Amino acid sequence: MAGDLFGEDVPAAKQGGATGPVPLAERLRPRTLAEVVGQEHLTGPEGAIGRMVAAGQLSSIILWGPPGTGKTTIARLLAEAVGMRFAPLSAVFSGVADLRQAFADAEKMAAAGKRTLLFVDEIHRFNRAQQDGFLPYVERGTVVLVGATTENPSFALNAALLSRAQVLVLNRLGEEALATLVERAEAEVGRRLPVTDDAKAALVSSADGDGRFLLNQVETLFATAIDTPLDPAELAQFLHRRMPVYDKDRDGHYNLISALHKALRGSDPQASLYWLARMLVAGEEPLYLLRRIVRFASEDIGLADPQALVQCLAAKDAYQFLGSPEGELAIVQACLYCATAPKSNAAYAAQKAAWAAARETGSLAPPANILNAPTKLMKDLGYGEGYSYDHDAPDGFSGDNYWPDEMAPVDFYRPVDRGFEKRITERLAWWDERRRVKE
């Protein structure tokens, strides 16, 4: 959607003239919600926004979506659609004084019979106390709050604020929506982009769902004298390459590492390699990825393939020895090994169960037979009495009791019937049978 393209309104006095021509994105700003592309699930007749407009009543909302998907535009058009005053603020440039002024202005307008839609861009940048400051004004109806954020509201916003606002998720713009923006740009300028059809498709793909970025690139192409349409290779040389949207310490980071972990667990080496590549290409720290893959080897493979952990630690050593980019192949090898290994979370489940039991029974003493008795007093108290040295027993197994007297044995570790753990299951069954015989 062209629009916030998506920024704030350009004052009429600044359009054209001495300040220069109006940017293409501004000229293509949607005039109605029907012109917004890519968010029909919200703006259509059955969407949350469409229903609000039809009813003529707005409730406070949080618009959550990637950059360049039209959050500011939708907020502005919402205000226009229901006849409300549009008051924009940016959390990047605004402080407490700005908020107080905005609320004071809204109260004055309310007294004059005009309601205010307060739009707060990047609302997640306000701290917790500042977010709490919205609550009384939202509750009294002084303002209808529309916040925009690229961050997950569950983590970025106060629970109290979230309870008073509906979260609406904007989609990353698909290729069809982006292609529509290109068509609108060509119609506005009155000529075709100076690129081949294949290059136009590559341009749309390079936008990575960001309409603002796409229109900026389109404007650059229109502003340059190009005699012969550019092919994809020539276009790549002409335009700066856009890196994928990815915040290494924000939501995108956790989404992609989750995707990698799930693909590894699902034994899909192709998808695993794709998500690994997405993160490395976007600039993720390779050692962070190695730490996550090492953890995966213990959590999701465990003793089903004990070599998985060895492979991952070897990959860590190889990467530290070689560095980037040569060492990244070792990360790929570890990733593929884990994706194709038999899976078991038995060790992980055993850890959680054992830790829970330890917290519940933390004061129980070991049985006397497995206590050392370095002094005569301890021997007199029965320490070590009846202990059987397993190496002296037939088959190297004594079948002694190693549990506290007040606690029955518990099966924390239950290996799966896959990979190396299948052999471990056989051993456990063999030992259990001999314990029963001894009893």
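Modeller: A salt bridge is a side-chain nitrogen of Lys or Arg within 4 Å of a carboxyl oxygen of Asp or Glu. By that rule the structure holds 15 salt bridges. This is a predicted model, in which local features need pLDDT of at least 70 and side-chain atom pairs count only at pLDDT 80 or more, while totals for chains, interfaces and linings use all residues. Residues are numbered from 1 along each chain as its sequence is written, and side-chain values use heavy atoms, with hydrogens and water left out.

Biologist: Why is the pair of Arg-27 and Glu-188 called a salt bridge?

Modeller: The closest N and O atoms of Arg-27 and Glu-188 are 3.4 Å apart, and the rule asks for a distance within 4 Å, so the pair qualifies.

Biologist: What makes this pair a tie between parts 161 residues apart in sequence?

Modeller: Arg-27 lies in helix α1 (residues 24-27) and Glu-188 in helix α10 (residues 175-189), so the two parts are tied together by the pair. Helices here are DSSP runs (H or I, at least four residues), numbered from the N terminus.

Biologist: Which domains is the chain divided into?

Modeller: The division gives domain 1 (39-169), domain 2 (175-241), domain 3 (250-343) and domain 4 (367-438), with bounds from an automatic or database domain assignment.

Biologist: What is the area buried between domain 3 and domain 4?

Modeller: It is about 420 Å², with 61% from carbon and sulfur atoms. Buried area is the accessible area (1.4 Å probe) that two parts lose on being put together, summed over both. On the side of domain 3, Leu-303, Ala-304 and Lys-343 lose the most area to domain 4, together 79% of what that side buries.

Biologist: How many salt bridges are counted between domain 3 and domain 4?

Modeller: The count is zero.
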